[in-house]
Amino acid sequence: MTRTPIRDLPQHAGETVTVSGWLYNRRSKGKIHFLQVRDGSGIVQAVMGQLDVSPEVFERSGALPYETSLSVTGAVRADARAPGGVELLVKDVAVHHEPPQEYPISKQEHGPDFLLSNRHLWLRSRKPHATLRVRDAAITAVRRFFDERGFVCLDAPIFTPSACEGTTNLFKVQYFDEECYLTQSGQLYMEAGAMAFGKVYCFGPTFRAERSKTRRHLTEFWMLEPEVAYATLEDIMDLAEELIVAVVKHVLEHRRPELQVLERDLSKLERIERPFPRIRYAEAVALLREKGLPFEEGNDLGAPDETALSGHFDRPVLVHRYPAAVKAFYMKRDPADERYALCVDVLAPERVGEIIGGGQREDDLAALERRIAEHGLPREPFEWYLDLRRYGTVPHAGFGLGLERTVAWLCGTEHVRECIPFPRMLYRIYP
Ligand code: 4AD
Ligand code: MG
């Protein structure tokens with residue numbers, strides 16, 4: 001028996017095909033059952049008249065529980081009113097498994113905790129399904145973007161001896177007789193990669209023991225990190241803009257139906273074009289004060305500040321040159337004013353906040369040695385990193401894009417937990 005994906009049914013109008021999937025919904029009207037069948041590629045309505053099938057099949061089909069797995073054979077009929085443009089006129093149904101108990105996720109509202117505890121099943125529902133298909137398209141888009149520009153995909157290790165993004169949110173792991181950490185970022189390894197390949201990126205899971213329970217924080221999230229030799233802050237700001245525009249465009253092109261399921265306001269994404277506004281940290285501070293936020297100059301932007309700035313623009317805004325004191329040890333200082341770092345955060349609009357953090361790296365050996373000491377970091381695990389400044393050091397820059405926050409923005413989803421298949425958070429490691 002060949003299976004036809006529901007997505008391909010319009011190409012088979014007039015033919016008899018078999019669709020294998022699960023019963024998503026069901027209703028009956030007189031002598032007709034309407035079975036909504038999903039197979040992961042789409043949902044189709046299968047119409048079963050009483051006289052089209054055997055009496056046993058008809059009777060059983062009227063009582064099948066949700067998520068029964070089944071194969072439906074029927075004729076494909078084009079119908080402009082049907083979602084997906086086709087219906088299936090049923091000739092036969094073969095049931096693979098009829099769940100003996102009721103499916104836990106009903107069509108009514110459930111609380112987020114219940115749904116997250118049933119994430120393994122919730123994935124089958126329309127909205128998570130749509131969100132994760134947008135995530136999939138975003139991944140395809142970023143990989144294509146870098147591939148087309150001659151970047152080499154270089155994977156970074158997950159077990160690491162050193163901290164890249166501060167020491168307060170490290171996950172310690174017993175590594176045989178020593179301790180190591182789960183990676184917070186692949187950046188340092190990408191810097192080595194950039195010196196070997198020129199333009200590289202990594203894309204993998206990263207870990208932060210975030211004790212905060214916010215809509216923007218996961219303890220395990222996916223980060224995309226390009227790194228470019230001979231690049232400056234300005235160069236990677238251009239790269240970040242181009243990347244975001246490419247991802248939005250790809251998703252609009254390939255995931256429009258999913259965005260519609262999510263009731264996303266597409267006009268907000270359609271206006272995402274270059275150039276994006278670029279403001280200095282100092283201008284961001286002035287803007288926050290105008291908005292009446294009690295912001296203390298010299299601090300990092302907090303979540304409410306990011307939310308306010310992000311709501312101010314209709315496209316992503318690049319905030320650059322933060323005070324060096326609030327940023328990571330590897331950031332290069334601005335030669336025009338050493339109090340500031342050559343760094344950039346990209347804040348997505350619609351109150352989403354930071355989706356990218358990056359900048360130009362310190363490429364001077366002595367300065368970097370000083371920073372490592374100033375940040376109270378142990379020297380030994382960074383010796384290899386210092387070597388990059390000992391052997392042919394060059395200006396270089398890169399950034400990290402948080403995939404789940406980007407997907408949250410694309411989908412118009414409030415919380416990043418819905419933008420990863422199995423979220424890991426402060427109080428959640430199941431399922
Ligand atoms: O700004 P961050 O901490 O930058 C870095 O890690 C750099 N080393 C990256 C680089 O330059 N190669 O993190 C980058 C992005 C953030 O902008 C955000 O989108 C995401 O990673 N991110 C998180 N996403 C979900 N949950 C968390 N706890 C996150 N922390 C950071
Ligand atoms: Mg950041």
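This is a predicted model: local features need pLDDT of at least 70, side-chain atom pairs count only at pLDDT 80 or more; totals for chains, interfaces and linings use all residues.
Student: Which residues of helix α5 are buried, and against which elements do they pack?

Tutor: Buried means under 20% relative accessible area, exposed over 50%, and partly exposed in between, with a 1.4 Å probe and protein chains only. In α5 the buried residues are Q187, L188, M190, E191, G193 and A194. They pack against β10 (199–207), β11, α12 (383–390) and β18, where contact means heavy atoms within 4.5 Å.

Student: What makes E258 and R133 a salt bridge?

Tutor: A salt bridge is a side-chain nitrogen of Lys or Arg within 4 Å of a carboxyl oxygen of Asp or Glu. The closest N and O atoms of E258 and R133 are 2.7 Å apart, and the pair forms a salt bridge. E258 belongs to helix α7 (residues 256–261) and R133 to helix α4 (residues 126–148), so the bridge ties together parts 125 residues apart in sequence.

Student: Why is E258 called buried, and why R133?

Tutor: E258 has a relative accessible area of 9% and is therefore buried. R133, at 18%, is buried as well.

Student: How do you know that K327 and D300 meet in a salt bridge?

Tutor: Their N to O distance is 3.9 Å, and the two side chains meet in a salt bridge. K327 lies in the loop between β13 (317–320) and β14 (333–334), and D300 in the loop between α9 (281–290) and α10, so the pair ties together parts that are 27 residues apart in sequence. K327 is buried at 12% relative accessible area, whereas D300, at 33%, counts as partly exposed.

Student: How many salt bridges does this rule give, and which residues are linked in a network?

Tutor: The count comes to 38 salt bridges. The linked residues are R149, E234, D238, E241, E242, R274, R278, R321 and D334.

Student: Is E67 buried or exposed, and what is its phi?

Tutor: E67 is buried, with a relative accessible area of 8%. Although not a glycine, E67 has a positive phi of about 70°. E67 also forms a salt bridge with R38, the closest N and O atoms being 2.7 Å apart. The two residues stand 29 residues apart, E67 in the loop between α1 (55–61) and β4 (69–78) and R38 in strand β2 (residues 32–38).

Student: Why is E263 called exposed?

Tutor: E263 has a relative accessible area of 65% and therefore counts as exposed. E263 is found in the loop between α7 and α8 and has a positive phi of about 55°, although it is not a glycine.

Student: What makes an open space a pocket, and what is the volume of the largest pocket?

Tutor: On a 1 Å grid over the protein atoms alone, a pocket is an open set of points with protein on both sides within 12 Å along at least five of seven lines, whereas a cavity is a set where a 1.4 Å probe fits but cannot get out; lining residues have an atom within 4 Å of a point. The largest pocket has a volume of about 1000 Å³, a volume being the space filled by probe spheres set on the points, which are joined across faces, edges and corners. Its lining has 42 residues, with E165, R208, K327, E354 and R405 nearest the centre. β17 gives the most to this lining, with five residues.

Notes
Residues are numbered from 1 along each chain as its sequence is written. Chains are lettered from A and ligands numbered from 1 in the order in which they are written. Side-chain values use heavy atoms; hydrogens and water are left out. Helices (H or I, at least four residues) and strands (E, at least two) are DSSP runs, numbered from the N terminus.
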